[in-house]
Amino acid sequence: MIVMPVPYNLRVKEEEKIYDKLIKQSDLGHVHIAPHALYTAAIFSILTRLKESKKQGADLLKKLRLYNGESVEGFKGSDIEDLRNEYTDEGMFGIDPRYVINRISSALIRRDTESINALDILRALKEGLDQHASISKEQRERYLNFISIARKEYDEIAKKEVQKAFVYSYEESAKTMMDNYLDNVEAYCNSNRLRDPVTGEELEADERLMRSIEEQIGISENAKRAFREEILIRISAFARKGKRFDYNTHDRLREAIEKKLFADLKDVVKITTSTKTPDEHQLKKINEVTRRLVEEHGYTPISANELLRYVGSLLNR
């Protein structure tokens, strides 16, 4: 017998597919697993399989995102190959998919339910570490830290999910905000004035609007011009190729728009999701948001309500 070591997968998206396939093949196929639950578990698993890079600024989470095919500020495509070549044994250690599936199964048994979310899975993974005889105390501490990182990633996903459900026609609202931002950026960079579509009055670029969006992703006052000029360069590059620069084209600007939309809605979301005795208006809003989460985002009424309560608790911290 010749043993051929095969490394574990190192891409979150592929890991999530593995879990989904294993669940469908098991006796858990009837279970409703809330959106992003398996993705969150995959973040934890992949982190356990990675090694810290010596490359400056490449922490494990950034490395995970690069391996997953995501854009990360300060890194380019060629950096991924450098990171892969840094360690040849990545994926030869860490948590395996079967362990995750077993912990999901134990969480379902404990809750006696046919629905499970990301927090249930993370909790089960954490409890399972105490029973994992093959890991050392040092490994356990390291894995607990990865569960904490995965939890923080899920927190951001959860808030964004609720944000989208609260904003009627979310994509349209995001597109309108981005178009407004881009109009002002173009006027600012080219030293032009904008014309009010209603009054015809010529106006200076709206600095307050631009900064309110840029500050969401930490663009400093000194860095704002470089960021705006980079946006215009990207728009021109797309135009030369006959493509249109849209909401999903620039990852950092999309993140800024999303955070700005959520910041504007934060008080409404906070009050609506956290009140124990909602009034008629709040109850109507909760029902609308729940319906949207079910019909457009893949939740059940139970998992949608769990999500709303959780996001409400996050906003009250």
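## Two domains

The centres of domain 1 and domain 2, taken over C-alpha atoms, sit 34 Å apart. Domain 1 covers 12–161 and domain 2 covers 170–270, with bounds that come from an automatic or database domain assignment.

A word on the ground rules: this is a predicted model, where local features need pLDDT of at least 70, side-chain atom pairs count only at pLDDT 80 or more, and totals for chains, interfaces and linings use all residues. Residues are numbered from 1 along each chain as its sequence is written, and side-chain values use heavy atoms, with hydrogens and water left out.

## Where they touch

In domain 1, 4 residues are in contact (heavy atoms within 4.5 Å) with 4 residues of domain 2. Together the domains bury about 410 Å², and 49% of that is on carbon and sulfur atoms; buried area here is the accessible area (1.4 Å probe) that two parts lose on being put together, summed over both. On the domain 1 side, 79% of the area buried against domain 2 comes from Glu 73, Lys 159 and Lys 160, more than from any other three residues.

## What holds hands across the gap

Between the domains the count is 1 salt bridge, meaning a side-chain nitrogen of Lys or Arg within 4 Å of a carboxyl oxygen of Asp or Glu. Lys 160 and Glu 258 meet in a salt bridge through their side chains, at 3.0 Å, N to O.

## The database view

UniProt, in an unreviewed entry, lists residues 2–55 as "domain: PrkA AAA"; such annotations may be inferred rather than shown by experiment. The end C-alpha atoms of that span lie 36 Å apart.

Notes: Helices (H or I, at least four residues) and strands (E, at least two) are DSSP runs, numbered from the N terminus.
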